[in-house]
Amino acid sequence: MAKVASNPNTRVWLDQYDITGFANASSMDITQELMVATALSDAGPRRIVGNYDHKHSVTALFDGVAAQSDAIIESLLGDDDDHYLCAAFGANAENSVAHSAIVKLVQRPHRTASGQLIILETQLEGANGIARGLVLANFTASGTGARTGRNQGTTTSGQTYQAVVRVLSGTFTSITVRIQESSDDGGVDLYADIAGMTTTLTAAGVARLTTTAATEAWKRVNIQAFTGTSAVIVVTGGVVQGT
């Protein structure tokens, strides 16, 4: 497999913001509990796997204008709501790998020194499970229609399949996005809505859709209704690890 450069195709999305234009570094650290289970008679260690944790950092260039880096990060301070971070490392086109996490702000120190740019070093910690999935949609919508289906494999009842819908910008008054499924990419089994995985946005924003019902292998995004001129839409989907 070819090596992948960090830029220019890496994307980092925080809620409905593409912060890649500010960020010049990002990291995702996953740690897993490994409990020692070594008995007296064992030669060598024995361990069993427990839960996991994840932490994230984004180093961004300071921009004090409204709705830019400083204001975006400031809005997370004291906010107990879930926030949605997604990193598409090395590629962001549809069908690229995307790591999606629910996070909360830990700290955001400003770094400044003579002869250097002002830097925001944002630290975020996981507030729910993490999902390694795919970019199901990344395009500018101007009407209704479905994107290409992607084979993500089936899920069983009890597993959580999530899709995070982001409308980054645009001129519109309403967009309805549905996540659909099929067993054979719409061949004999036509695509149908996944129950509970529909959202309508009336402004730039983000919505997380989930299901714990069993799902079919192929998933796709369908813009079921659109009122407006255009909208930049990013949708990522995957199974929440540990479910």
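## An exposed loop residue

S114 counts as exposed because its relative accessibility is 78%. Exposed here means over 50% relative accessible area, buried under 20%, and partly exposed in between (1.4 Å probe, protein chains only). S114 sits in the loop between β7 (110-111) and β8. Its C-alpha atom is 51 Å from that of T144, 30 residues apart along the chain.

This is a predicted model, in which local features need pLDDT of at least 70, side-chain atom pairs count only at pLDDT 80 or more, and totals for chains, interfaces and linings use all residues. Residues are numbered from 1 along each chain as its sequence is written, and side-chain values use heavy atoms, with hydrogens and water left out.

## Strand pairing

Strands are DSSP runs of E with at least two residues, helices are runs of H or I with at least four, and both are numbered from the N terminus. Two strands pair if DSSP finds at least two bridges between them. Strands β3 (residues 23-36) and β4 (residues 47-61) run antiparallel, joined by 12 bridges. S26 has V58 in β4 as its bridge partner. β4 also runs antiparallel to β8, through 7 bridges. There, A60 is partnered by L120 in β8.

β6 and β8 pair in the antiparallel sense over 9 bridges. K104 stands opposite E125 in β8. β5 (residues 83-88) pairs with β6 (residues 97-107) in the antiparallel sense over 5 bridges. The bridge partner of H83 in β6 is V103.

T122 belongs to strand β8. T122 counts as buried because its relative accessibility is 2%. Beyond neighbours within four places in sequence, T122 is in contact (heavy atoms within 4.5 Å) with H56, S57, V58, I73, L105, Q107 and R108.

## Nonpolar cores

A nonpolar core is a set of buried Ala, Val, Leu, Ile, Met, Phe, Trp, Tyr and Cys residues joined through side-chain atoms within 4.5 Å. The largest has 24 residues; I175, I179, V221, I223, I233 and V235 touch the most other members. At least two residues each come from β8 (119-141), β11 (161-182), β12 (192-201) and β14 (218-239). β11 gives the most, 8 residues.

A second, separate core holds 16 residues, among them V12, A60, I72 and L124.

## Salt bridges

A salt bridge puts a side-chain nitrogen of Lys or Arg within 4 Å of a carboxyl oxygen of Asp or Glu. The structure holds 8 of them. R108 bonds to D70 in this way, with closest N and O atoms 3.0 Å apart. R108 lies in the loop between β6 and β7 and D70 in helix α1 (residues 69-74), so the pair ties together parts 38 residues apart in sequence. Both R108 and D70 are buried.

E94 and R150 meet in another salt bridge, at 4.0 Å from N to O. E94 is in the loop between β5 and β6 and R150 in strand β10 (residues 150-151), 56 residues apart. E94 counts as buried at 18% relative accessibility, and R150 at 16%.

## A buried aspartate

D15 lies in the loop between β1 (11-14) and β2 (17-18). D15 is buried but has no salt bridge; R166, the nearest side chain of opposite charge, is 5.7 Å away. For charge, Lys and Arg count as positive and Asp and Glu as negative; His and the chain ends are not counted.
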